[in-house]
Protein chains: 2
Amino acid sequence: MATVTGLFKRLLLGRARRSEELGETLLPKRLALPVFASDPLSSVAYATQEILLVLTLGGLAYVYVTPYLAAGVIGLMTVVVLSYRQVVYAYPSGGGSYEVVSTNLGPSAGLVVAAALLVDYVMTVAVSVASGVDNVISALPALAGHRVLLALCFVALLTAMNLRGVRESGRAFAAPTYLFVGAVLIMVGTGLIRYLMGDAPVAESARYGVEPTPGSAQLTGLALVMLVLRAFSSGCTALTGVEAISNGVPAFRRPKPRNAAATLAAMGAIAVAMFAGVTTLAIVAKVHIVQDPCRLIGLADCAGYTQRTVIAQLASSVFGGSSSVGFFVVQAATALVLILAANTAFNGFPLLASILAQDRYLPTQLHSRGDRLVYSNGILVLAVVAGALLFGFKADVTSLIHLYILGVFTSFTLSQTGMVRHWNRALRTDPDPARRRRCRLARVVNAAGALVTGLVLVIVLATKFLEGAWLAVLAAVVLWLMMRAIRRHYDAVAAELTVTDPRADLTPPPRVLALVLVSDVHKPTLRALAYARAFHPDRLQALTVDADRAATARLEEQWARLDTDIPLTVIDSPYREITGPVVEYVRHARRTSPRDVVGVFIPEYVVGRWWENLLHNQTALWLKSRLLFTPGVMVTSVPWQLTSSAHVRPTVRGAGAVRRGVPATGYGIRRPPRGARPGGGPGPGGGAPTPDRSP
Amino acid sequence: MATVTGLFKRLLLGRARRSEELGETLLPKRLALPVFASDPLSSVAYATQEILLVLTLGGLAYVYVTPYLAAGVIGLMTVVVLSYRQVVYAYPSGGGSYEVVSTNLGPSAGLVVAAALLVDYVMTVAVSVASGVDNVISALPALAGHRVLLALCFVALLTAMNLRGVRESGRAFAAPTYLFVGAVLIMVGTGLIRYLMGDAPVAESARYGVEPTPGSAQLTGLALVMLVLRAFSSGCTALTGVEAISNGVPAFRRPKPRNAAATLAAMGAIAVAMFAGVTTLAIVAKVHIVQDPCRLIGLADCAGYTQRTVIAQLASSVFGGSSSVGFFVVQAATALVLILAANTAFNGFPLLASILAQDRYLPTQLHSRGDRLVYSNGILVLAVVAGALLFGFKADVTSLIHLYILGVFTSFTLSQTGMVRHWNRALRTDPDPARRRRCRLARVVNAAGALVTGLVLVIVLATKFLEGAWLAVLAAVVLWLMMRAIRRHYDAVAAELTVTDPRADLTPPPRVLALVLVSDVHKPTLRALAYARAFHPDRLQALTVDADRAATARLEEQWARLDTDIPLTVIDSPYREITGPVVEYVRHARRTSPRDVVGVFIPEYVVGRWWENLLHNQTALWLKSRLLFTPGVMVTSVPWQLTSSAHVRPTVRGAGAVRRGVPATGYGIRRPPRGARPGGGPGPGGGAPTPDRSP
């Protein structure tokens with residue numbers, strides 16, 4: 001059984017990787033860019049559209065604001081990228097915003113960022129996959145009935161690729177991301193050249209006017225500001241995922257901070273170029289996009305009209321219609337890159353979870369690397385939660401999007417506030433005037449960033465809270481409380497386990513009472529008795545529970561025939577249970593001599609097939625788990641391997657290693673213990689002398 | 001947690017019962033009758049009807065056969081009851097047909113009976129509950145939409161009552177059964193007196209003629225014989241459950257066989273009286289009942305007509321209409337007794353399963369008595385399987401009934417054949433002429449019974465196999481194969497575990513290598529080291545797996561500061577797993593000196609709340625389960641109880657017993673071991689001297 005699952009695991013994940021290979025999985029910049037930046041880059045596919053969708057609520061009257069808003073987003077993006085470059089240099093261990101905020105604003109604020117980011121990573125997967133599925137379905141309408149299944153398949157695919165390891169997944173994602181970047185930039189370039197040559201592309205929606213929504217026709221004062229801010233905050237979806245690189249620094253090749261900063265800059269430059277290009281082109285081509293197609297003036301059949309995305313309208317107008325090769329390439333790359341954007345979260349979430357686990361805010365299992373040197377448990381948790389969300393929300397983008405980008409802006413605001421503190425501290429200690437000047441400049445950048453992102457956060461909260469964002473807030477709060485509880489638990493355990501007086505703790509108890517549990521005189525029982533004897537306990541008793549008079553009488557008779565000097569003690573059990581009386585007996589023995597230790601030996605026979613376990617009472621298992629709660633007890637299982645268990649044994653990894661030509665000592669001893677031959681040499685001089693035998 | 005479930009269990013089941021109370025649950029005859037006989041008695045409610053339903057397939061022409069068929073069923077019932085009286089005396093241990101057949105025809109034939117009966121017990125529950133629900137719904141049409149839920153509720157109710165113990169359930173079932181018997185007998189008596197006084201009751205269907213089904217108008221020869229035999233076999237549903245008393249002998253008060261035989265005779269007499277009375281009354285009152293109401297001649301609206309059962313028609317005609325008190329009482333008692341008939345199976349199934357478990361054909365868990373001295377596991381298995389059937393077949397009687405009564409007749413035929421063999425053997429050895437005469441008579445009775453029941457079995461199989469009985473046959477065959485496989489497994493295990501040379505098996509291994517697994521220097525580790533030392537092993541090593549370089553370096557540093565003479569061995573683990581390298585190391589040590597034993601000490605800390613387990617690696621658990629497959633190993637858990645585990649401890653039954661006023665020594669030692677004070681006295685003279693210290 002174990003071999004079958006093992007084989008399946010190898011087929012799915014590839015061979016296990018040695019710890020020394022860890023260096024190999026580090027990413028060169030050209031692979032790190034698509035791995036960490038597919039999320040912010042892919043958001044170009046909808047950021048411009050989101051701005052236009054809000055502005056056209058007031059008809060075409062306010063579309064003129066678009067370039068200013070785009071400039072604002074670009075400015076914000078620049079500020080954020082510049083700020084995170086500082087973060088990458090100042091905190092290169094991959095903690096990103098979490099580390100910045102924890103260090104500068106305290107652990108509680110850091111946990112807020114962590115909780116917000118964890119929720120947002122989940123949402124990135126859910127939203128990106130759902131949106132990607134939307135685009136796949138737009139291309140292949142036959143799949144429309146299988147939306148949820150398709151989304152879950154994509155999550156499973158991403159999970160499998162990431163479980164195989166970062167480098168492979170980096171390669172798998174590089175081509176589509178670069179294809180998307182290339183296609184969009186060529187589209188923008190072609191369109192702008194055609195514009196400069198007097199042959200401006202014209203979008204299919206350019207001929208329609210837009211009817212304002214009721215009450216939005218002549219906005220003034222605060223209402224206008226609110227509309228513009230809403231449009232601005234919608235455009236800010238372009239900023240999701242910028243965080244990822246600063247969290248992923250440890251995955252970069254050395255020098256890690258410099259490579260990460262360079263990648264961050266490249267990502268920012270590409271994202272700005274694409275976003276600016278697409279927005280310019282949308283203005284040039286007069287793309288008119290609205291939330292409700294029936295507000296398009298000049299459109300006859302608005303109910304049957306499918307509004308195409310901004311990117312689709314631009315590609316169609318630039319490359320000559322929606323059957324051109326160019327249109328097809330842009331659309332395919334867009335759909336693909338949206339799915340891959342989810343991969344950013346598959347890189348970011350496990351890393352952040354691992355750091356939180358190291359800080360003991362999450363279970364330790366999230367900190368250990370799996371067979372393929374990735375944080376397998378984190379990847380699986382992300383996949384399960386995102387899959388559940390996609391299932392619960394039926395992979396519907398509109399429902400999911402309301403839960404999104406809150407976390408990113410919480411993290412931006414807090415981390416940039418933290419960076420301001422960082423500079424303040426630096427200014428207090430650094431006397432060098434040149435560095436002080438740089439610090440002051442950086443502080444201005446970060447302060448501006450904190451202000452703007454804080455403002456966006458407030459707007460996002462105000463406009464989206466009732467539409468679903470409350471769920472994301474609730475999840476983050478619950479996560480925050482849970483992480484604090486986990487940390488408290490670990491701290492309490494660590495405090496309890498700390499060694500204060502090693503000499504006293506290492507002193508063996510004066511006497512050992514060995515109890516061998518007996519239900520029948522058969523080979524496992526005799527082996528347990530023999531093994532217990534080999535330990536030379538001060539007193540050795542066989543113990544049986546009288547749950548069935550006839551069986552006990554038979555046992556006593558067999559025992560007498562055995563002719564051994566080990567006494568058989570019979571304890572009554574009027575309620576026919578085994579565990580209670582044994583535990584009570586052990587406690588009683590401990591009460592009588594509290595400094596001694598009681599060793600309970602349990603003979604067990606081991607079967608090989610799962611169903612065979614159903615045929616045997618699991619009393620030993622129950623008993624062991626109950627005895628573990630009793631102080632001053634050692635519980636020793638003495639296994640007897642039945643023939644059927646033989647086929648289970650070779651599945652230990654060591655055997656496989658031997659077969660693969662790795663010597664068995666691959667697991668051998670690195671440093672043999674003083675004076676002892678490795679693995680149980682015969683000489684009595686080997687190993688440590690036990691205390692009572694040393695002179 | 002344990003206390004909450006414990007409390008719930010107590011509320012549901014009542015207090016746990018001591019083994020000495022077993023005598024108290026034995027049944028007096030007046031309670032044994034309703035407990036074991038509600039199934040055969042309740043079948044009076046439909047046996048006559050089943051005969052009429054078949055005969056009227058040929059119109060009213062063959063209804064004249066009814067008294068002869070009824071006489072046949074009564075004769076068969078008499079033969080079966082007489083035969084089972086012999087069984088009860090000859091085999092009083094409760095094995096019933098299973099024991100008779102195993103003893104006389106061999107264990108394979110016995111297993112056939114067992115499998116058939118187990119299937120039939122399940123079917124008894126399913127059919128009786130479904131039929132009972134039908135009657136409940138007839139009385140309360142508002143419940144019609146909740147058929148399956150209602151059936152499952154009844155199963156749950158029966159399960160709970162039976163888990164509380166036989167005696168209580170006997171009391172709960174006595175009143176309705178006696179009410180049913182009384183009501184039916186009064187109805188029959190009243191009807192017959194009215195008939196003798198010239199005022200014969202007339203059934204509501206008496207005025208309708210019956211149109212024969214196509215091809216059944218003028219049956220001759222074989223076809224007529226087949227119709228009559230089918231009607232006869234349908235009437236044989238009256239015999240289901242007669243078996244139960246012979247299986248339930250151990251539940252009777254002493255003298256068990258005599259009381260059981262008397263109860264069997266009483267049951268037979270009552271059943272015969274009721275069946276004969278109902279059939280006579282049905283002929284007198286001219287009840288015309290058909291499978292399809294549209295074959296009733298003289299009925300205007302056959303689609304909207306609900307045909308009432310024979311019992312209902314009789315009660316209505318005798319007591320003066322369907323709003324009379326008499327009608328209501330008969331109908332209510334009938335509905336109730338059908339539900340309670342299922343209880344026969346709840347008594348029979350666990351007993352038979354327990355006997356099969358004792359013979360090692362079923363898992364041992366089915367043999368042990370639960371808290372309330374009943375075979376709880378058998379009761380639960382029956383409830384689950386019957387519940388699944390009711391759910392799967394939507395509690396539809398028509399679908400379920402085809403799977404029924406096959407097992408009963410398999411068991412009748414085989415057990416009566418077995419009894420013939422029994423008498424043959426008795427005749428070979430017994431020289432006494434009077435007893436020989438009795439034996440010969442009994443042999444004739446049993447042989448006739450075997451012949452008739454065998455014939456009925458063939459007819460039932462032939463007429464019902466394709467309608468669903470194949471499923472019951474298949475289930476019995478699978479069960480038969482499974483029970484043989486289980487027995488083979490137990491036999492193989494027993495053979496492997498049998499002690500051949502106790503002296504050799506008891507000889508302790510010459511040397512002990514103790515390995516203490518270390519991952520961190522904390523209190524549990526030091527306690528494990530101290531305890532391991534207390535056992536005076538020949539060699540003692542601390543062992544750590546290097547899955548994380550930094551952590552291992554930290555550990556080695558801490559170890560050096562510990563300043564102990566116990567060497568720390570570091571084993572490499574290039575794939576970062578713990579279990580594989582440790583198992584490989586242990587195996588290597590064993591290969592080097594195969595006669596020695598390796599004791600692996602695992603420090604464990606024990607938490608009290610289930611979720612706390614999620615926060616700690618379950619490496620110890622994995623490791624233990626893997627090491628159990630390695631020969632020559634002892635696995636010792638050295639628990640360290642964290643503060644949070646304290647609240648788990650008092651839930652051991654012993655503590656509760658103390659609170660209930662039972663002295664703590666309720667679990668104490670019955671016979672103290674020679675020369676040792678109970679529970680760990682301090683003197684070194686106590687207990688057995690360990691071998692190497694005795695002179």
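This is a predicted model: local features need pLDDT of at least 70, side-chain atom pairs count only at pLDDT 80 or more; totals for chains, interfaces and linings use all residues.
A residue is called buried if 20 or more other C-beta atoms lie within 10 Å of its own, exposed if 12 or fewer do, and partly exposed in between, with C-beta atoms placed from the backbone. Strands (E, at least two residues) and helices (H or I, at least four residues) are DSSP runs numbered from the N terminus. In a regular strand the side chains alternate between the two faces of the sheet. Because eight of the eight residues of S4(A), residues 539-546, are buried, the strand is largely enclosed by the rest of the structure.

Residues are numbered from 1 along each chain as its sequence is written, while chains are lettered from A and ligands numbered from 1 in the order in which they are written. Local features need pLDDT of at least 70 and side-chain atom pairs count only at pLDDT 80 or more, whereas totals for chains, interfaces and linings use all residues.

The partners of S4(A) come next. Strand S3(A), residues 512-517, pairs with S4(A) in the parallel sense over five bridges; two strands pair if DSSP finds at least two bridges between them. Within this pairing, Leu515(A) stands opposite Gln541(A). The chain passes from S3(A) through helix H19 (residues 523-534) to S4(A) in a right-handed β-α-β crossover. Right-handed denotes that, with the strands pointing away from the viewer, the path from the first strand over the helix to the second runs clockwise. S4(A) is also joined by five bridges to strand S5(A), residues 568-572, and the two run parallel. Here Thr544(A) stands opposite Val570(A). The crossover from S4(A) to S5(A) passes through helix H20 (residues 549-562) and is right-handed.

Chain A contains 24 helices and eight strands, and buried residues make up 51% of its 695 residues.

In chain B, strand S3(B), residues 512-517, is mostly covered, with six of its six residues buried. Val512(B), Ala514(B) and Val516(B) point one way, and Leu513(B), Leu515(B) and Leu517(B) the other. S3(B) is joined to strand S6(B), residues 597-606, by five bridges in a parallel arrangement, and Val516(B) stands opposite Phe601(B). S3(B) also pairs with strand S4(B), residues 539-546, in the parallel sense over five bridges, and Leu517(B) stands opposite Leu543(B).
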